[in-house]
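Take a look at the structure first.

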Amino acid sequence: MWLSDIAKVDLEPTVDLSCAKYEYTDALLCHDDELEGRRIAFILYLVPPWDESLGGTLDLYNTDEHFQPQQIVKSLVPSWNTLAFFEVSPVSYHQVSEVLSEGKCRLSVSGWFHGPSLARPARYFEPLLPRTPHIPRDHEILYDWISPAYLDISFQAQIQEEFEERSEILLKSFFKAEKFEKVCEALEKGDLEWISQGPPNKRFYEKAEEGRLPDILRECMELFRSEALFLLLSNFTGLKLHFLAPSDEEEDEEKEIIGTSNVEAGPGHSSFKPESRESSPRSSSDTTQNKAESESEDEEPKNRSSVPTCKGELRFWKNGHYTLVHDIKNTEFALDLLLYCGCEGWEAEYGGFTSYIAKGEDEELLTVNPENNSLALVFRDKETLKFVKYINHRSLERKNTNQSRAGFWDFSFVYYE
């Protein structure tokens, strides 16, 4: 066989074949094509006259010492009746860049020739973001930052009741207006140090270097790690994120006492059933086409009596950024927190929303769209994965209107009981 002789690979008669059509803003993110028996990938291009400015290039990545993709080292521009092929291996990472033409489509016939599988290297496990217990900041920090309505005990009870029913909630105008304005001003100045996050088969966005943050942003990060906020989140969700939050046993005991005094019980943690499928985030959103990497953990479940912890980062999102869903085992329940900045005028068609899906399924359970000064809380069970949808070229239209930038920021934290 001609291809077998050129590639020096023993190939079988089996061939997979399909047709792909990429239109404006379509892309295929970084992956390696590896599947049992695949040995040679090929693409026959059936495109009109095409150049690099139209996007849709086949981008090839190099890899690091852990066989993880690093950066694009070669880009192939589609051309009519041209055949591209490469060997499928543990390092055959590639992508199809976003199509930027509104008038032309990238049409191709592609597939794989099969043969004996290659041995894979040992699986590499990334170091995880460090988790920390709360830091000792009292309730005064809440009065400085948070809108007074959310500090009202009766309103917190309403929030908890809704959260326990749906496992998610969006709290609008969460920060005081003057504090939120100062945070946005600090982000707008552009003198922060941003670090690109990868590898690209899992994620691509920018993370702020915390050691270089201006005071207002450093204080904001401290707020999300503070003892006072851990307790507030306990009140919002019914989760035991602080020693003052009632445990399941204490809730049951309280209900027995209340029952004997003929007083109606208020919303509490005992009505929250995280093991139940009904407690998973729900949404009527359309099915997403973004396949890729979750931020789930490959760790043993934490003991219920352990100290509550959190991890978090300040992130910047713009055209080309995303996170992907992958197959790392998720063994923990977690509370996700997102607070958005600089996303006025952001449209869902740009991408950048956080999508939650059930493991092994495509249909979305919930979509969290960027919304200024809104705090999103989502409780994830062991079967729920999340990703941030690829931000496409349409997002640049926002910069050409009345916006000063084409991206936005978020404070992203995860809390564990």
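The predictor's confidence in each residue is called pLDDT and runs from 0 to 100. Here the chain averages a pLDDT of 86, and 84% of the residues score at least 70. Where pLDDT is low, the predicted coordinates should not be read in detail.

A word on the ground rules. Since this is a predicted model, local features need pLDDT of at least 70 and side-chain atom pairs count only at pLDDT 80 or more, while totals for chains, interfaces and linings use all residues. Residues are numbered from 1 along each chain as its sequence is written, and side-chain values use heavy atoms, with hydrogens and water left out.

**The open sheet.** Helices (H or I, at least four residues) and strands (E, at least two) are DSSP runs, numbered from the N terminus. Two strands pair if DSSP finds at least two bridges between them. Four strands make an open sheet in the order S2-S7-S4-S5, with antiparallel pairing. At the edges sit strand S2 (28-31) and strand S5 (69-76), each of which pairs on one side only. On average, neighbouring strands of this sheet are turned by 20 degrees against each other, direction ignored. Axes here are lines fitted to C-alpha atoms, for helices over the stretch in contact, and angles run from 0 to 180 degrees between N-to-C directions. Inside the sheet, S4 (residues 58-63) and S7 (residues 94-96) are joined by three bridges, and Leu60 has His94 as its bridge partner in S7.

How many residues of strand S14 are buried? Eight of the eight residues of S14 (residues 334-341) are, so the strand is largely enclosed by the rest of the structure; buried means under 20% relative accessible area, exposed over 50%, partly exposed in between (1.4 Å probe, protein chains only). In a regular strand the side chains alternate between the two faces of the sheet. Here Ala334, Asp336, Leu338 and Tyr340 point one way, and Leu335, Leu337, Leu339 and Cys341 the other.

| Partner of S14 | Bridges | A facing pair |
|---|---|---|
| S17 (residues 375-380) | six bridges | Leu337 and Leu377 |

**A helix pair.** Helix H5 (residues 215-225) and helix H6 (residues 227-237) pack at about 50 degrees, with their axes 5 Å apart. That makes H5 and H6 oblique to each other, since under 35 degrees counts as roughly parallel, over 145 as roughly antiparallel, 65 to 115 as roughly perpendicular and the rest as oblique. Leu223, Phe224 and Arg225 in H5 meet Glu227, Leu229 and Phe230 in H6.

Most residues other than glycine have a negative phi, and most peptide bonds are trans. Gly198 and Pro199, however, are joined by a cis peptide bond, with omega about 5 degrees; Pro199 lies in the loop between strand S10 (194-197) and strand S11 (203-208). Thr25 has a positive phi near 75 degrees, sits in the loop between strand S1 (15-22) and S2, and is buried with a relative accessible area of 12%. Asn373 also has a positive phi, about 55 degrees. The loop holding Asn373 runs between strand S16 (364-368) and S17, and Asn373 is buried at 8% relative accessible area.

Notes: Contact = heavy atoms within 4.5 Å.
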